[in-house]
Amino acid sequence: FLLTFRLFTSKLELLALLQQRYSLTAPDSLSAQDLRNWNSSYLTPVRMRVTNVIVHWIEDHFYDFENDEQMLSQFHKFVAIIKAESPAQASRIVKV
C-alpha cells in the first residue's frame, strides 16, 4: 500500500486520513459497559493498525518526510495527538 498510494492520493491526504481514522469516536448511544467494550475491541485495534502503518511508513519510506516542512509539521501534530491518547503507541513511533 505504501508503494502505491501516490497513484490515488497525496502523502498529506494519507496522513490526514490516518489521523481521522485514529481519532474515531464512539457512538453516543453506548452504555458505560458497551463503551468499555467498544474501546477495547474496536478502538484499540484500529489505533494499533494506524500506528503500525505510520511506523512502516517512517521505516521504509522516510523520503516522504524529508525536506517537506508541511508534512513534518502535520506529522508532529499527529504524533502529539497519539502521545496524549496512548503514550505506549507513541513510543513506538518515536523510537523509529
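Biologist: What does R6 count as, going by its relative accessibility?

Modeller: R6 counts as partly exposed, at 35% relative accessibility. The scale is simple: buried is under 20% relative accessible area, exposed is over 50%, and partly exposed sits in between (1.4 Å probe, protein chains only). Keep in mind that this is a predicted model, where local features need pLDDT of at least 70 and side-chain atom pairs count only at pLDDT 80 or more, while totals for chains, interfaces and linings use all residues. Residues are numbered from 1 along each chain as its sequence is written, and side-chain values use heavy atoms, with hydrogens and water left out.

Biologist: Which residue forms a salt bridge with R6?

Modeller: Side chains of opposite charge can pair when their charged atoms come close. The rule here is a Lys or Arg side-chain nitrogen within 4 Å of an Asp or Glu carboxyl oxygen. R6 pairs with D64, the closest N and O atoms being 2.4 Å apart. D64 lies in the loop between α2 and α3 and R6 in the segment before α1, so the pair ties together parts that are 58 residues apart in sequence. D64 is buried, at 5% relative accessible area.

Biologist: How many salt bridges does the count come to?

Modeller: The count comes to 3 salt bridges. One of them joins K11 and D68, with closest N and O atoms 3.0 Å apart. K11 sits in helix α1 and D68 in the loop between α2 and α3, 57 residues apart. K11 counts as partly exposed at 24%, and D68 as buried at 16%. E85 also forms one with R47, at 3.3 Å between the closest N and O atoms. That pair links helix α3 to helix α2, 38 residues apart. R47 is buried at 12%, while E85 is partly exposed at 47%.

Biologist: And helices: which residues of α1 are buried?

Modeller: Helices are DSSP runs of H or I, at least four residues, numbered from the N terminus. In α1 the buried residues are L14, L15, L18 and Y22. Seen down the axis of α1, they fall within an arc of 100 degrees (directions from the axis to the C-beta atoms), so they line one face of the helix. They pack against α2, α3 and α4, contact being heavy atoms within 4.5 Å.

Biologist: Which residues of α4 are buried?

Modeller: Q89, A90 and I93. Their arc is also within 100 degrees down the axis of α4, so they line one face of the helix. On the other side, P87, A88, V94 and K95 are exposed. The cover over the buried residues of α4 includes α1, α2 and α3.

Terms used
Helix = DSSP H or I, 4+ residues; strand = E, 2+ residues; numbered from the N terminus.
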